[in-house]
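Subject: Structure for your reading

Dear colleague,

Please find below the structure that I am handing over to you. I would be grateful if you read the notes after it with the structure open.

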2 protein chains.
Amino acid sequence: MEVLGNLFGLQGLDREAETFDALVATQGLRVERIVSFGQATPEGEWLEQARAEWVAVLQGAALLRFAGEEAPRRMEAGDHVLIAPARRHRVEWTATPTVWLAVHFGASAP
Amino acid sequence: MEVLGNLFGLQGLDREAETFDALVATQGLRVERIVSFGQATPEGEWLEQARAEWVAVLQGAALLRFAGEEAPRRMEAGDHVLIAPARRHRVEWTATPTVWLAVHFGASAP
């Protein structure tokens, strides 16, 4: 039973892109570390996932916007949010670096 | 879709006991924040869970020992480990405070 790694370890990462590391991947669950270096969702695009996502900012900060809301929410280190299946959202800004922990789970939205 | 809380928020917690907060609880999954203020598994006792547990130290530090291993592993902030179902383990020491994030998942061990 090894210590698998360190969530805050950034050595060797490509800063020109976001990095997605699957930490747990089973049929119904994916636990994923995401590291952003200032990346954001491209202008005019939305993210929409079939499954629920619980996501926390562990380090850094981000602006997360949900469709239908007037302003993005600022997420600081430690803040976490539950994104329902099919809920449209976008990342409007990230600090460099920002470390996220995401847990994707459950059945897909119809 | 609200920001549900902050993983590093310790206000109002009872320091005489560990605090367990369920952040996501579905049939097959429990995402849980655990805050320790120096607590450890009582002498001579082992923890053993029917389901798999992925666990990270987000803040603080801990000594985690697995049955059959000679020495505990030191976990620092960001370190994460996967504990298989029915794998006996114990927490030998925690810093004050230590914030853990645990993801319990999957089928129970036979």
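The notes below begin with the model itself and then turn to its charged side chains.

This is a predicted model, in which local features need pLDDT of at least 70, side-chain atom pairs count only at pLDDT 80 or more, and totals for chains, interfaces and linings use all residues. Residues are numbered from 1 along each chain as its sequence is written, chains are lettered from A and ligands numbered from 1 in the order in which they are written, and side-chain values use heavy atoms, with hydrogens and water left out.

The model has an ipTM of 0.93 and a pTM of 0.94.

Salt bridges

Side chains of opposite charge can pair when their charged atoms come close. A salt bridge is counted when a side-chain nitrogen of Lys or Arg lies within 4 Å of a carboxyl oxygen of Asp or Glu. Over all chains, the structure holds 15 salt bridges.

In chain A, Arg65(A), Arg90(A) and Glu92(A) are linked in a network of salt bridges. Arg90(A) is buried because its relative accessible area is 9%, and buried means under 20%, exposed over 50% and partly exposed in between, with a 1.4 Å probe and protein chains only. Glu92(A), at 29%, is partly exposed.

In chain B, a salt bridge of 3.2 Å, N to O, joins Arg65(B) and Glu92(B). Arg65(B) lies in strand S5 (residues 61-66) of chain B and Glu92(B) in strand S8 (residues 89-94) of chain B, so this pair ties together parts that are 27 residues apart in sequence. Strands (E, at least two residues) and helices (H or I, at least four) are DSSP runs, numbered from the N terminus. Glu92(B) has a relative accessible area of 28% and is therefore partly exposed.

Arg73(B) and Glu69(B) form another salt bridge, their closest N and O atoms being 2.8 Å apart. Here Arg73(B) is buried at 16%, while Glu69(B) is partly exposed at 22%.

Charges over rings

The charged end of Arg90(A) sits over the ring of Trp46(A), 5.9 Å from the ring centre. In chain B, the charged end of Arg90(B) sits over the ring of Trp46(B), 5.9 Å from its centre. The rule asks for NZ of Lys or CZ of Arg within 6 Å of the ring centre and within 35 degrees of the ring normal.

What does Asp79(A) have around it, being buried yet without a salt bridge? The nearest side chain of opposite charge (Lys and Arg count as positive, Asp and Glu as negative; His and the chain ends are not counted) is Arg74(A), 7.5 Å away. Asp79(A) belongs to strand S7 (residues 79-83) of chain A. A polar atom of the Asp79(A) side chain lies 2.8 Å from the backbone nitrogen of Glu76(A). The side chain of Asp79(A) also makes a polar contact of 2.9 Å with the side chain of Asn6(B). A polar contact is a pair of N or O atoms within 3.5 Å; within protein, one must be able to donate a hydrogen and the other to accept it, and residues adjacent in sequence count only if both atoms are side-chain atoms.

Glu32(A) is in strand S3 (residues 29-36) of chain A and counts as buried at 7% relative accessibility. Its side chain makes polar contacts with the side chain of Arg30(A) at 3.0 Å and with that of His104(A) at 3.0 Å.

With kind regards
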